[in-house]
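Here's a quick tour of one stretch of this chain and the fold around it. Have the structure open as you read.

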Amino acid sequence: GQRPQGGGQKPLELPDVRSIITVASGKGGVGKSTTSVNLALSLAAKGLKVGLLDADIYGPSLPRMLGLRDAKPKPSDIDGKMTPPSAFGIRIMSIGFMIDEEQPVIWRGPMAMGALEQLLRDTDWGVLDVMVVDMPPGTGDIQLSMAQRVPVTGAVIVSTPQDIALLDARKGLNMFRKVNVPVFGLIENMSYYKCPECGHIDHVFDHGGAHKAADELNVPFLGEIPLDLKIRLGADEGKPIVHSDPDGEHTKAYGAIADKIA
Ligand code: ADP
């Protein structure tokens, strides 16, 4: 469809990438990166060729979450392109491969966008059915440029059930609407906590907020993921739960969401 074009710049073309799904959130810390990783793995488990781009230029966390802290992209056979590291059968590109983990990224917007464009364009992604993009939190320059310059197929928004987080997610949703990026729907992360001993369920951050907001905003509710130690450990140890526990209930929950978006 027609998109407003920013700054007279040409849209980026990625002819070998069939679809691009961005994973967004209103604020940081809601589990956007964890969700991106597990959704990417679920899509790959469906037999799709998947790539994962870390667009969170100021806080790249995908190398750690995928056990690739020491990985580096390598020069490829294709002129000027890099072969990205891969893990669990998916190709991953992140600014985190190029910079020291302890060094903050202090670039201004245009510079960050330039870096992101290089990661997109100068990577040998191969032929991809889906590229999953872990966006930075919020609605800044990067989000706007991505929406305007990259042919995004659709966006999913990750939110915790809390009202404040939801308010921010609404802002994000309105931004996608303004730039004509279809919104696939909302995912509620950290939805509830189930005691592993007795099975009692606690709604730590309230419950159902994202579902209610999805109804109000007239976008699909894609599913809920509980707060679970195994999800946290998997992310921190570079062994995402969808990989380490392929028959588990969380893997099924991520899989059900993957079915709705691809
Ligand atoms: P964001 O990308 O939104 O900043 P992250 O994906 O980095 O958030 O997650 C923030 C922290 O919360 C990480 O330590 C991660 O392991 C943890 N986390 C995310 N989702 C869950 C979950 N469903 N259950 C338990 N811990 C989670």
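This is a predicted model: local features need pLDDT of at least 70, side-chain atom pairs count only at pLDDT 80 or more; totals for chains, interfaces and linings use all residues.

Leaving aside residues up to four places away in sequence, Gly31 is in touch with Val158, Asn189 and Met190.

As for where to find it, Gly31 belongs to the loop that links β1 and α1.

## The rest of the loop

Lys27 is in the loop between β1 (17-25) and α1 (32-45) too. Buried or partly exposed? Lys27 comes out as partly exposed, because it has 18 C-beta neighbours inside 10 Å.

Both residues turn up in the UniProt record: an unreviewed entry puts a "binding site" feature at Gly26, Lys27, Gly28, Gly29, Val30, Gly31, Lys32 and Ser33.

## The sheet behind it

Now for the strands. β1 is part of an open, 8-stranded sheet with mixed pairing, ordered β5-β6-β2-β7-β1-β8-β9-β12. At the edges are β5 (86-87) and β12 (221-225), each pairing on one side only.

β1 and β8 (residues 154-159) run parallel, joined by 5 bridges. If you want a spot to look at there, Val23 stands opposite Val156 of β8.

## The helix across the sheet

Finally, α1 lies across β1, β2 (50-54), β6 (90-94), β7 (128-134), β8 and β9 (183-189). Its angle to β7 is about 170°.

Notes. Residues are numbered from 1 along each chain as its sequence is written. UniProt positions are given in the numbering used here, feature names are shortened, and annotations may be inferred rather than shown by experiment. Helices (H or I, at least four residues) and strands (E, at least two) are DSSP runs, numbered from the N terminus. A residue is buried if 20 or more other C-beta atoms lie within 10 Å of its own, exposed if 12 or fewer, and partly exposed in between; C-beta atoms are placed from the backbone. Two residues are in contact if their C-beta atoms, placed from the backbone, lie within 7 Å. Two strands pair if DSSP finds at least two bridges between them. Axes are lines fitted to C-alpha atoms, for helices over the stretch in contact, and angles run from 0 to 180 degrees between N-to-C directions.
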